[in-house]
Amino acid sequence: MKKKVISIMLSAVMAAALLAGCGSSSSTTTTDTSSSETETAAEETASEETTEAAAEAASEAGEEAASDAVAASGDATGKTFAIVVKSAGNPYNEKEIEGFQAVIEAAGGTCVVKEPEAATADAQVSAIQSLISQGVDSISIAANDENALQSALQEAMDAGIQVSCFDSKVNASSRATFVNQAGTQEIGQTLMDAVYDITGGSGQWAILSATSQATNQNAWIDAMKSIAASDEKYADLELVEVAYGDDEPQKSTDQTQALLSNYPDLKVICAPTTVGIAAAAKVLQDQGSSVKLTGLGLPSEMAEYIGDDDAHSCPYMYLWNPIDLGQLAAYTSIALVNGDITGTAGDSFTAGDMGDYTVVEADDGGTEIILGAPFRFDSSNIDEWKDIY
């Protein structure tokens, strides 16, 4: 884990150095926080914190490691790589962008960032159409809807653009491959076991999800339901409701309060969304509720709520590193554009100092690249991670 932290810091530092010190570099970033076709150029500068991080990272890993990391990222010179996240203002999405952008710019490419104002398929379709008009070389997208983007993404592929998805997939016909944060069944099993543990194996529990169309959320929820139905171990657990906060803090807050009001015997809420878990944690802790929480959250947002006692609402939670996920999506995009992989099962490539990855078959008939297993955050390690992401 320490090696990954150092890698993250080095990648961010190298991206900032390229932008601040190389005025003639082809590496640029364009960010769009609307669904219009207008792109706003964002000139990046290295902050004081980034400079301090550079000193610490260089001291620990050395200048040679930094040089190796740049060399390992592949050649993206003269190419344009787009990342489309679910919506603007989502801290998890911002960390994914950070990782993606660092890799692309370290490799000499141009990074275009699209952050739709709303977490809807329509907003992402507008972003895709804008990118087609710009003639980007690749699009990597975290889908708000599995099927609604197919027409736009097919148009992009017909135009010669390499299309992949990450975090939340599009259907198999709309992508070369899917950069998956962890296996669907693995996440479902991990969360189901957390619910079992925290409830003591019996009682009512609820799910607070993102949008009802979010493909990753729905896949994890379906896996949890399937696991619970197929194993007598979970027979005494009652799932009372799947609520949707639409990845909006206020709506997630309202949905949490409604769950508490509607189910006085509720024991646990599982929120497989970083926005939802943060909103629910605050509600439960502020109200001194006996209802406990688990799910997928950002350490920086959840640190004050993590603890295995009555004073904290969340005993433990899980996540992967969204910066790593963004980095892997970028390495995948570069490999696709350079022809190192096509997205066919069995293809393999090196993702910088993240190591070697292989394209495997996915449950939906397409292919995927799996980042790794979920990581548990609890009172023993939350302080270590809360300042990282």
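Trp385 is buried, at a relative accessible area of 3%; buried means under 20% relative accessible area, exposed over 50% and partly exposed in between, with a 1.4 Å probe and protein chains only. The model is predicted, and local features need pLDDT of at least 70, side-chain atom pairs count only at pLDDT 80 or more, while totals for chains, interfaces and linings use all residues. Residues are numbered from 1 along each chain as its sequence is written, and side-chain values use heavy atoms, with hydrogens and water left out.

Nine aromatic pairs are found in a search of the whole structure. Rings of Phe, Tyr and Trp (its six-membered ring) pair if their centres lie within 6.5 Å; planes under 30 degrees apart count as stacked, over 60 as edge-to-face and the rest as tilted. Phe375 and Phe377 make an edge-to-face pair, 4.9 Å centre to centre and with 75° between the planes. Phe377 also pairs edge-to-face with Trp385, at 6.2 Å centre to centre and 80° between the planes. Phe377 is buried, at 1% relative accessibility, whereas Phe375 is partly exposed at 25%. Through ring pairs, Phe375, Phe377, Trp385 and Tyr389 are linked into a cluster.

Charged side chains also meet rings. A charge sits over a ring if NZ of Lys or CZ of Arg is within 6 Å of the ring centre and within 35 degrees of the ring normal. Arg376 lies over the face of Tyr316, 3.7 Å from the ring centre. The charged end of Lys233 sits over the ring of Tyr196, at 4.7 Å from its centre.

Three cavities of 30 Å³ or more are found in the whole structure. On a 1 Å grid over the protein atoms alone, a cavity is a set of points where a 1.4 Å probe fits but cannot get out, and lining residues have an atom within 4 Å of a point. Grid points are joined across faces, edges and corners, and a volume is the space filled by probe spheres set on the points.

The largest cavity holds about 130 Å³ of space. It is lined by 16 residues, of which Tyr92, Asn216, Gln217, Thr273 and Thr274 are the closest to its centre.

Conventions: On a 1 Å grid over the protein atoms alone, a cavity is a set of points where a 1.4 Å probe fits but cannot get out, and a pocket is an open set with protein on both sides within 12 Å along at least five of seven lines; lining residues have an atom within 4 Å of a point.
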